[in-house]
Amino acid sequence: MADPSLIETTSKSSSAGGGGSDASRIGDVKQWLTQEFSQAGKEVPDFEYTPRSVAYLHNLATLSQAQTQASKILASDFRLKASEYRAQAARIREILESVGLAQEGLGSNVVSSAQVLANVANLLNIRDTELSSFLVAMGDISLRKTGVEEKRAKAQKESNVLLDYTRKAISRLTYLKRTLAQLEDDAGQCEEHVEHWKNNLALMLGKEKQYNQETVRFKDTLNRVGYTPEISHGVLVELAERRKELEKKTKPVLDTLRSYQDLPPDKALAALAIEDKKRQYAAAEKYLEDVLHSALATSE
């Protein structure tokens, strides 16, 4: 079968050089097809001679003829070498017979040794049985053996590295399997915890909703009583301390008022004393109000 690359190359060169007229190319193709099919004992099948098919068949015919010519040259050369080998074998046979070493006169062990020697020479791919040829062939085999041993040592080293990697991979795989088994065991416990957390989450969501409702209710209560962000815990503590101070200051006045209740029923003196204590009490209340207002103003 013709090489497609050679056919393509021949096609390109034929197209570039013209390659003759279409009619001559069709004639060459028909002649080549007739010759080839007649050698096979068949007739040329009918087909349409298109420019593409004619170009392909013409290139194929050119290549086939070139290969046929080359094979004829090689066959002629092989026949010539075969005749030379036969002539040389005849001369060697005559020489051996003249010295009494004809094959018929040799012992079976000698023939076997000669056959073994010939086989070894063919195995070593040498043209003769000279000692130098055998030595050269053995040296070449030794070099090739050394190269093979080096390659074998390199392959052994790579094999050891791969074996080490394989062992490490097996060890890691075993560790991963143990880890996977442990994770699978832990998964059941984790599922129980997750289920517990889900239940707690549902409870917490209910509590959150309840606390939000209570927060809204408390805010409404604070808004109704007039609570403002300015009334903080610190302000209330400060007001409570000032209230205690005022109570300490007003306590003597109240004690004095209570003592007047034990006086003799002198209306004029009692009225004057009462009026005086009322003025003191009013002054103390006014002072208390001023202190409260100043405390609120300071917190704002």
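The following dialogue explains how to read several features of a predicted model.

Q: Which conventions apply to this model?
A: The model is predicted, and local features need pLDDT of at least 70, side-chain atom pairs count only at pLDDT 80 or more, and totals for chains, interfaces and linings use all residues. Residues are numbered from 1 along each chain as its sequence is written, and side-chain values use heavy atoms, with hydrogens and water left out.

Q: How many helices and strands does the protein chain have?
A: Helices (H or I, at least four residues) and strands (E, at least two) are DSSP runs, numbered from the N terminus. Here the protein chain has seven helices and zero strands, so the order of elements from the N terminus reads α-α-α-α-α-α-α.

Q: What share of the residues counts as buried?
A: Buried means under 20% relative accessible area, exposed means over 50%, and partly exposed lies in between (1.4 Å probe, protein chains only). Of the 300 residues in the protein chain, 11% count as buried. Accessible areas come from the Shrake-Rupley method with a 1.4 Å probe, and for residues only the protein chains shown count as cover. The accessible surface of the protein chain is about 24900 Å², and 58% of that surface belongs to carbon and sulfur atoms.

Q: Which residues make up the largest nonpolar core?
A: A nonpolar core is a set of buried Ala, Val, Leu, Ile, Met, Phe, Trp, Tyr and Cys residues joined through side-chain atoms within 4.5 Å. The largest one has six residues, namely Val29, Trp32, Leu33, Leu57, Leu60 and Ala61. Helices α2 (22-39) and α3 each supply at least two residues of this core. A second, separate core has five residues, among them Leu124, Ile126, Phe134 and Ala137.

Q: With which residues is Leu57 in contact?
A: Contact means heavy atoms within 4.5 Å. Leaving aside neighbours within four places in sequence, Leu57 is in contact with Val29, Trp32, Leu33 and Phe47. For the protein chain, residues 24 or more positions apart account for 57% of the contacts with a separation of 6 or more.

Q: Where does Tyr287 lie, and which residues are in contact with Tyr287?
A: Tyr287 lies in helix α7 (residues 267-299) and is partly exposed, with a relative accessible area of 42%. Apart from neighbours within four places in sequence, Tyr287 is in contact with Leu246 and Lys249. The C-alpha atoms of Tyr287 and Leu246 are separated by 8.6 Å, although these residues are 41 apart along the chain.

Q: How many salt bridges does a search of the whole structure find?
A: Side chains of opposite charge can pair when their charged atoms come close. A salt bridge is a side-chain nitrogen of Lys or Arg within 4 Å of a carboxyl oxygen of Asp or Glu. The search of the whole structure finds six. One of them joins Asp77 and Lys81 (3.5 Å, N to O); both residues lie in helix α3, four residues apart, about one turn of the helix. Another joins Arg144 to Asp140, with the closest N and O atoms 4.0 Å apart. Arg144 counts as exposed at 57% relative accessibility, whereas Asp140 is partly exposed at 39%.

Q: Which residues make the nonpolar surface patch?
A: Patches are made of residues with over 30% relative accessible area and no salt bridge; like charges are joined within 9 Å, and nonpolar side chains (Val, Leu, Ile, Met, Phe, Trp, Tyr) within 5 Å. Ile92, Leu96, Val99, Leu101, Leu106 and Val110 make a nonpolar patch of about 460 Å². Val99 is placed in the loop between α3 (51-98) and α4 (108-124), and is exposed, with a relative accessible area of 53%.
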